[in-house]
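Student: Can we go through the aromatic rings in this one? I'd like to take them pair by pair.

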Amino acid sequence: MTDKIDKGPAANPPAGPGASGTTYEAIKAIPVRHYGRWISAVVVAVLLAWLVYAFSQGKIIWATVGDKLFDPAVLAGLGNTIIISISAMALGLVLGILFAVMRLSNNPVTSFVSWLYIWFFRGTPVYVQLLVWFSLPLIFQYINLGPIYKNETVDVMTPFMVALLGLGLNEGAYMAEIVRAGIQSVDEGQSEASHALGMTRTQTMRRVVLPQAMRVIIPPTGNEFINMLKTSSLVSAVQYTELLRASSNIGSTAGAVIEMYFVASIWYLALTSVFSVGQYYLERRYARGSLRSLPPTPFERLKANLNMFRRTEVAK
């Protein structure tokens, strides 16, 4: 039977001779004081308090912000913001995949058309594009597709359609570059092996390349969607009643313009925060198999940041 080991003195060994007979002293662990962290924290806290104090001294009716936060018109505008953002992002994703494949094609015509599309929609502001679509009835009275479809342009180009085309086509140009980068990140040997197995170019792209490219495509796509939530505020210029326009209408009527801007800002922050968390977990899921250890969750990161302000000891 083995003897029970007493670990009490081992935790704090007394000074004495070492293995070679040399006398040594017990190691004293000295706490490391991170004065810079405390100083920077105090400076940031002071600046934040000064900013809060400055706004508290302004002529802002904060009660109105709370009262109008869940106003039916504001909530309806919030719903329209989510709808137009998701719809435009879906259109941009489909166009991005299509034009990315066209850009990588060996056909010079399709490759040039894809380059021209990306060059134009990335090179002009999305606000200008929205105004162009909104003003389309001024130059085209009818949309005539022969026996397929014919209607007056003013009836077709509703505020929702203008917003969808303006945001979706612009997003498609950016998504095309993101998808192209993801496709090119897949090793060419994967495609060569697929062709050797008898797969066509389309089958290789759909079954082999795109599934592997998703790991590279997903993170920037999430960023683009969060950016779309904020960019959707521009569609108020084309009479689409989203969050900003609904808030502005109430502010103009009630004489609380700045208060309603704060209401809109609170909801934009809420939307971006919720979708940012979703994006993080989606990225974490697609990171499986490519990283030895998955990145920490938001709660783990918060706990680590709080532990930064605690004293740590030097390990010896």
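**Aromatic pairs**

Tutor: F262 is partly exposed, with a relative accessibility of 21%; partly exposed is the range between buried, under 20% relative accessible area, and exposed, over 50% (1.4 Å probe, protein chains only). This is a predicted model: local features need pLDDT of at least 70, side-chain atom pairs count only at pLDDT 80 or more, and totals for chains, interfaces and linings use all residues. Residues are numbered from 1 along each chain as its sequence is written, and side-chain values use heavy atoms, leaving out hydrogens and water.

Student: How many aromatic pairs does the structure hold?

Tutor: Nine. Rings of Phe, Tyr and Trp (its six-membered ring) pair if their centres lie within 6.5 Å; planes under 30 degrees apart are stacked, over 60 edge-to-face, the rest tilted.

Student: Why is the pair of W62 and F262 tilted?

Tutor: Their planes are at 50°, so the pair is tilted; the centres are 5.3 Å apart. W62 sits in helix α3 (residues 62-68) and F262 in helix α12 (residues 257-286), so the pair ties together parts 200 residues apart in sequence. Helices are DSSP runs (H or I, at least four residues), numbered from the N terminus.

Student: Is W62 exposed, partly exposed or buried?

Tutor: W62 is partly exposed, at 42%.

Student: And what about F225 and F275?

Tutor: Their planes are at 75°, so that pair is edge-to-face, with centres 4.9 Å apart. F225 is in helix α10 (residues 201-231) and F275 in helix α12, 50 residues apart. F225 is buried at 14%, while F275 is partly exposed at 27%.

Student: Which rings form a cluster?

Tutor: F99, Y117, F120 and F121, linked by ring pairs.

Terms used: Helix = DSSP H or I, 4+ residues; strand = E, 2+ residues; numbered from the N terminus.
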